[in-house]
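This briefing goes through one structure, topic by topic. Please keep the sequence and the coordinates at hand while reading.

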Amino acid sequence: MIIRLLIIALLAFSIHTLLLAQDDEEDEEENPHTSMVDDEFVCLDCHTEVPKEGQTSPTYFLVDAPSENCLGCHDETTHPGSKLHLGQDAKPLPGDENGKIACFSCHDPHPEGVIKGRTVYNSEMTDRQLQFIEMIVIPGLKEELGTNAKVETEKEVLLREPFNKICATCHETIKYRGTYIPWYKFTDMYTY
Amino acid sequence: MMKRTLIIAYMALVAALAACGTQSGDDAQGGKPKMPLDVKMNYSHEVHKSVMEKEGFDCFVCHPVNVKLEDEKSIEETIKASKQAFFPGKETCHFCHYNPQAGNIAPGDCSTCHFNMAEIQPKNHNFNWMSKHAVFAKANEESCENCHSPRFCEDCHKRRDLPTIMVHDRNFRFIHGIEARANPRQCGNCHEITFCNTCHVKGGYDY
């Protein structure tokens, strides 16, 4: 009798463990960015067809409009800075259907290895930078906005340029009337 | 006919002058506006460039667009958060430029950034502040030091090269004993006991 009960308990525990492991695998599979390296069919999550090497299109063969394609999964409202960038001229970065900045102007949706010869970068910060943001900057944000924020260091943000250089793709400092001021490189405008 | 020609010539002259007026403005300089006075606009990336590189600080340290806000936001809140991320709060600047706890590691003169000092001047620092500041200073001495260094007070209160009375009358040295005996605690409002003992020790001015 006791042996039978033990076997039932063991089976129940094994089934529970197997189910949990399966959930983890499904969660992992849900991220098309990481899984597209090995599975070409994942491309069709966002693209209508898999573009061939060198093949281009103003719509990037995307399922939705380029300006909205990422928003099916990602929430733009939790990314500070997104709202002030979206709608600006994207040149020289890739833009949406109107040539304006979209998520993929700064971020490359494809991890390294998917598109030949393309390098993608992550957000690598030193401990000192992290401490400064966590101790000084985030409390300031919290005070102003009444909301908390966190730094996601481990997250793969897939940037088109290195983390410490991506701003300089469009922004520069110029000397005007003896004073250095922030400036857009390509649209001839103040940064602020 | 002559009159009409004159009117046309006059109108053309006015139009030409108006066009010249426009060109002499900002448009002639490529649409570049004048430098604003807002403290956020006074920041020079060029001045800070070498310091930031030396400290190993990237753009995202001051402009934290790499943080993730908790909870979904409304569009208005998102725009506010974006602006806040682009224009860092005073805590970010003050960490180096005004840090009473740890000490400044960068120039701490308020006017370095605050061109319009009236913006940061407390509301009670109005026209009558000179005569009433003592009450506030004695009530909470640390409140002065939120903005002023102790030297700022001493520059006036310890000066002896002006005929104006800062604290005590000029002949106070000779009559202070009367007031001190009447209310000994009053001296202690500003002075340590060692200040009195400097003179009133045995063998000194012991009367």
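Which residue of β1(B) is the bridge partner of Val151(A)? The partner of Val151(A) is Val67(B). The pair belongs to a predicted model, for which the predictor gives the complex an ipTM of 0.73 and a pTM of 0.63.

**Strand pairing between the chains**

- β1(A) and strand β1 of chain B, the latter made of residues 67-69, are joined by three bridges.
- The two strands run antiparallel.
- On the side of chain A, β1 covers residues 149-151.

**The contact between chains A and B**

- Chain A gives 38 residues to the contact, and chain B gives 38 residues.
- On the side of chain A that touches chain B, the elements with two or more residues are α3 (82-85), α5, β1 (149-151), β2 (171-176) and β3 (179-184).
- The largest share of that side comes from α5(A), with 12 residues.
- By residue class, the side of chain A that touches chain B divides into 18 nonpolar, 13 polar and seven charged residues.

**Packing of α5(A) on α4(B)**

- Helix α5 of chain A, residues 127-145, packs against helix α4 of chain B, residues 75-86, at an angle of about 145 degrees.
- The axes of these two helices are 11 Å apart, and their crossing is right-handed.
- From α5(A), the contact is made by Leu141(A), Glu144(A) and Leu145(A).
- From α4(B), the contact is made by Glu77(B), Lys80(B), Ala81(B) and Gln84(B).
- Three residues of this contact are nonpolar, one is polar and three are charged.

**Packing of α5(A) on α5(B)**

- α5(A) also packs with helix α5 of chain B, residues 90-97, at an angle of about 145 degrees.
- Here the axes are 8 Å apart.
- Ile136(A), Val137(A), Pro139(A) and Gly140(A) in α5(A) meet Glu91(B), Thr92(B) and Phe95(B) in α5(B).
- The contact of α5(A) with α5(B) consists of four nonpolar residues, two polar ones and one charged one.

**Chain A overall**

- Chain A has five helices and three strands.
- Read from the N terminus, the order of the elements is α-α-α-α-α-β-β-β.
- Chain A has 192 residues, of which 17% count as buried.
- Among contacts in chain A with a separation of 6 or more, 40% are between residues 24 or more positions apart.

**Glu76(A)**

- Glu76(A) sits in the loop between α2 (32-35) and α3 of chain A.
- Glu76(A) counts as partly exposed because it has 16 C-beta neighbours inside 10 Å, while a buried residue needs 20 or more and an exposed one has 12 or fewer.
- Leaving aside residues up to four places away in sequence, Glu76(A) touches Leu71(A) and Ser82(A).

**Backbone features in loops of chain A**

- Lys91(A) and Pro92(A) are joined by a cis peptide bond, with omega at about 10 degrees.
- Pro92(A) is placed in the loop between α3 and α4 (103-106) of chain A.
- Phe61(A), not a glycine, has a positive phi of about 55 degrees.
- Phe61(A) is in the loop between α2 and α3 of chain A, and it counts as partly exposed because it has 16 C-beta neighbours inside 10 Å.
- Leu158(A), a residue other than glycine, has a positive phi near 50 degrees.
- Leu158(A) lies in the loop between β1 and β2 of chain A, and with 18 other C-beta atoms within 10 Å it is partly exposed.

**Confidence in chain B**

- Chain B has a mean pLDDT of 75, and 79% of its residues reach 70 or more.
- Within chain B, confidence is lowest in helix α1 (residues 2-23), at a mean of 61.
- Confidence in chain B is highest in helix α9 (residues 172-182), at 88.
- Residues 19-36 of chain B have a pLDDT below 50.
- Beyond near neighbours in sequence, the stretch of residues 19-36 of chain B has nine contacts in the model.

Methods: Residues are numbered from 1 along each chain as its sequence is written. Chains are lettered from A and ligands numbered from 1 in the order in which they are written. This is a predicted model: local features need pLDDT of at least 70, side-chain atom pairs count only at pLDDT 80 or more; totals for chains, interfaces and linings use all residues. Helices (H or I, at least four residues) and strands (E, at least two) are DSSP runs, numbered from the N terminus. Two residues are in contact if their C-beta atoms, placed from the backbone, lie within 7 Å. Axes are lines fitted to C-alpha atoms, for helices over the stretch in contact, and angles run from 0 to 180 degrees between N-to-C directions. A crossing is left-handed if the near helix is turned anticlockwise from the far one by less than a right angle, and right-handed if clockwise. Ala, Val, Leu, Ile, Met, Phe, Trp, Tyr, Cys and Pro count as nonpolar, Asp, Glu, Lys and Arg as charged, and the others, Gly among them, as polar. Two strands pair if DSSP finds at least two bridges between them. pLDDT is the predictor's confidence in each residue, from 0 to 100.
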